[in-house]
Amino acid sequence: MAIIEREIEVMAPMVATPTSTYGVLKRPVAATGWRAWVFTVDHKKLGLMYGVTAMFFFIVGGVEALLIRLQLAAPNGKVLNADLYNQMFTMHATTMVFLFVMPMAAGFANYFIPLQIGARDVAFPRMNALGFWMFLFGGIFINLSWFIGGAADGGWFMYAPNSGPVFSPTHGIDFWAFGLQITGIASLTGAINLIVTVLNMRAPGMTLMKMPIFTWMMTVVQFLLLFAVPVITVALFLLSFQRNFGARFFDVAAGADPLLWQHLFWIFGHPEVYILVLPSFGIVSEVLPVFSRKPLFGYPFVVFSGAAIGFVGWGVWAHHMFASGLGPVSVAVFSLTTMAIAVPTGVKIINWILTMWGGKLVFSTAMKFSIGLIVLFTVGGLSGVTHSVAPSDTQQTDTYYIVAHFHYVLFGGGVLGIFSGLYYWWPKMFGKMLNERLGNWNFWLMVIGMNLTFGPMHILGLQGQPRRMYQFTEARSGEGLFNFAFWNLVASIGSFVLAVGILLFLINVVITARNPTKSPLDPWNSRSLEWMTSNPPKEHNFDVIPTVHHLDEFFHRKYEEDPATHTMRQIATAEEIMAEQERNADAHIHMPSPSYWPIVLAFGLPVITFGMIFSHLIAVFGAVIVFFAAFGWALEPSTAPASDFETNNSAPSTELDTVGKS
Amino acid sequence: MTDTTAHGHTSSAGISNVKLGMWAFLGSECLLFGGLISTYMLYRGRVTGGPRPSQIFDIPFTSVSSFVLLMSSLTMVLAVSAAHKGEDRKTNLWLTVTALLGATFVGGQVYEFTAFYNEGLGFSTSLFGSSFYTLTGFHGVHVTVGIIMLMSLVGIFKRSEVPGKKAEVVEMIGLYWHFVDIVWIIIFTLVYLIPV
């Protein structure tokens, strides 16, 4: 697996087997079957694993959302009781934020950042695998609580002191806090890994301002994660110490300040919303130029506005707390910073529109989702500006107006961007194109469903329906145009339209998988480096590491400006560029070898946290697993040395025989 | 960990992957300790029961153990320097001394925690107790992890099976060690020296 010998015409990689033992176990070597996935350190496989797992949690979170909407479809809903309803909305938010959007973005980043910067893998391939397994085990750990006494029920921001043992006596919040701790470490390792990858491993000639825009936005996200995750780590530790070890942090009787949690949570939580939406901004900034047949308008402005969002995103957290009595100075300052952050966001929207302006628009499904994002995110952005006005926000706090706002930005922004990316990059990842007709239905049902679901929530919220209300009565639902029952029913119907739209996507995936038609090498006439390799990419990504001369390098290898007419004319096809690369392919490409240790180490963590809740003996056992896995890891080189391989190919050479005996 | 040449790449930022990764991690750690220190500063005067900070802190004792920890940064520098010169025996020696100094500090902390506990400051006694033990405990765990890494390095070097460049690894662990020391200077000043 790890050494790929290339001959001029034969493309099959030869499987190499490490012969000596490092640490405790021999290295895994399977190139096919489940072992090839479980022990892989390949960024593309891990990217797909992130994507599939995130999709699974998307369905889980979606079912939770549908149950919430069923409960609220009519007055006196009987689907869920109050307790279960609390768990449902808490876990819906937790699942969608931490187990769907974040890992989906991590999947895209894993898959495409190395391809976009012309690298063969990430900087720390095993740490990459560790990140995925920690995310998976953390996600499973959080959801285990459903089966062990009930899930967390304090809302996704888990305000103190409501999250204390007095008000939430089940273990739900313990599972929640420890599980998020594990997924937090996963995000942290991912952030370190991708930052080093982007800073250190770009192809020759690719300066920062020649980097594809998606990579740029993901880099900003990784910096946000790097600095935001430790803050929630502290908050979660304080909460766990209080619930499990008797600390007093949020014990008001001991003089604790409940606002401590709110500050820590939102110092993490506000950068977090940009962590959720910037990946989609990156995707859209890739998709719009390709389907407008124009370069991205104002690339440096899109880059710097992304970075500006990353900076200003740190100075707005208290706008989540206007109703908590911060005092007029704090409220005024955070109002102003919140209005200010609308500026770089607006810059992006203007740039996207001007990218399309005068372009030869191709309305593919990916393009439709991108345009959908521009429109619906702008709606959510505008209601966001109304929150920055503190007096108005005080009216809106904890009403459905807030629910409407953040679903427009996170669903209309984040999720539509993700679907745009899925349709755009599907041929790159799987070598087949998703069905465009079904994609059209998928898009329209999702857009109509989302507006039916979240649009009425503006009205409900301004009418005063509090969020997290588990029932409303006929008598109090009002009359005429502002009837609670009517708009709640509309929202519930909308949520099922939305669900059908997403179901169509899953059907599309199955149909595409069964369809034998392969996609062309460069189906969309794309611009960036990830398209300069086969579909799906080879294990080593590029036969030759490209030397970069332009932003949109791939485009400039295909097209050249005609000096007479100042129009672009084609000078090469993607197939020709690919063939050229294969002719000059590097002979010996050493790829990082698979490893057992990431999954073993990651498995130790939930064992520790499980033990923290139930029995410290189990925690010790988990710590032993982590300790030995760390040692096995440290003693094993990332890329097995050349002397450590014997090729299974044809006749084994005598030279390798002696290596085996010695 | 991997070295930059593994994928046929030169380093764009002029610093190896492991070191850049460690710098990024330490950046993140700043926010971790920032959160813990803020929590302590908010709660240090809030004593509803049990002793107040000024009643239990033994500043001369903690000053001595702080000095020991700071000296370990010096020996760490000597270890890095020896590793760069390729002097294996000296590297191992200074790494061991660094670990011993670190262990002395952790030993002092264990003694101090025991003494405070006996004087009536438990983890659950007051907000001051909870936030004091959490902050200094987190720092102590960081030092302990550092000691484990140092001793593992010594052990691995003796078997001479360390993957990657030796000096690079020593330097990376050194970055971590110095960071933990610097954090202690801040904690010592804010927790012990500035009166409530």
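Predicted model: local features only at pLDDT ≥ 70, side-chain atom pairs only at ≥ 80, totals over all residues.
B:Asp181 is buried, yet takes part in no salt bridge. A salt bridge would require a side-chain nitrogen of Lys or Arg within 4 Å of a carboxyl oxygen of Asp or Glu.

**Moving to chain A**

The next selection is A:Leu188, found in helix H5 of chain A, residues 172–200. Is A:Leu188 buried or exposed? The relative accessible area of A:Leu188 is 14%, and therefore the residue is buried, since the term applies to values under 20%.

A:Leu188 and A:Val229 are 41 residues apart along the chain, but their C-alpha atoms are separated by 6.7 Å. Apart from neighbours within four places in sequence, A:Leu188 is in contact with A:Leu226 and A:Val229 in chain A, and with B:Phe25 and B:Ser28 in chain B.

**Between the chains**

Now display chain A and chain B together. In the contact between them, 45 residues of chain B meet 50 residues of chain A. The two chains bury about 3700 Å² between them, and 67% of this area is on carbon and sulfur atoms. How many salt bridges are there between chain B and chain A? The count is zero. Polar contacts are present, however: ten residue pairs across the interface qualify, with both residues at pLDDT 80 or more.

Select helix H1 (17–43) and helix H5 (127–159) of chain B; each supplies at least two residues of the side of chain B that touches chain A. Helix H1 of chain B gives the most to that side, with 15 residues.

**Confidence in chain A**

Finally, colour chain A by pLDDT. The chain averages 90, and 92% of its residues score at least 70. Confidence is highest in helix H2 (residues 43–72) of chain A, at a mean of 97, and lowest in helix H19 (residues 654–661) of chain A, at 32. Select residues 646–662 of chain A: the pLDDT there is below 50, and the stretch has 13 contacts in the model beyond near neighbours in sequence. Residues 5–23 of chain A also stay under 50, and for these the model has 52 contacts beyond four places in sequence.

Note on methods: Residues numbered from 1 in each chain as written. Chains lettered and ligands numbered in written order. Heavy atoms only, no water. Buried < 20%, exposed > 50% of the residue type's maximum accessible area, 1.4 Å probe, protein only. Lys, Arg positive; Asp, Glu negative; His and termini not counted. Helix = DSSP H or I, 4+ residues; strand = E, 2+ residues; numbered from the N terminus. Contact = heavy atoms within 4.5 Å. pLDDT = per-residue confidence, 0-100. Buried area = accessible area lost by both parts, 1.4 Å probe. Polar contact = N/O pair within 3.5 Å; in protein donor to acceptor, adjacent residues only side chain to side chain.
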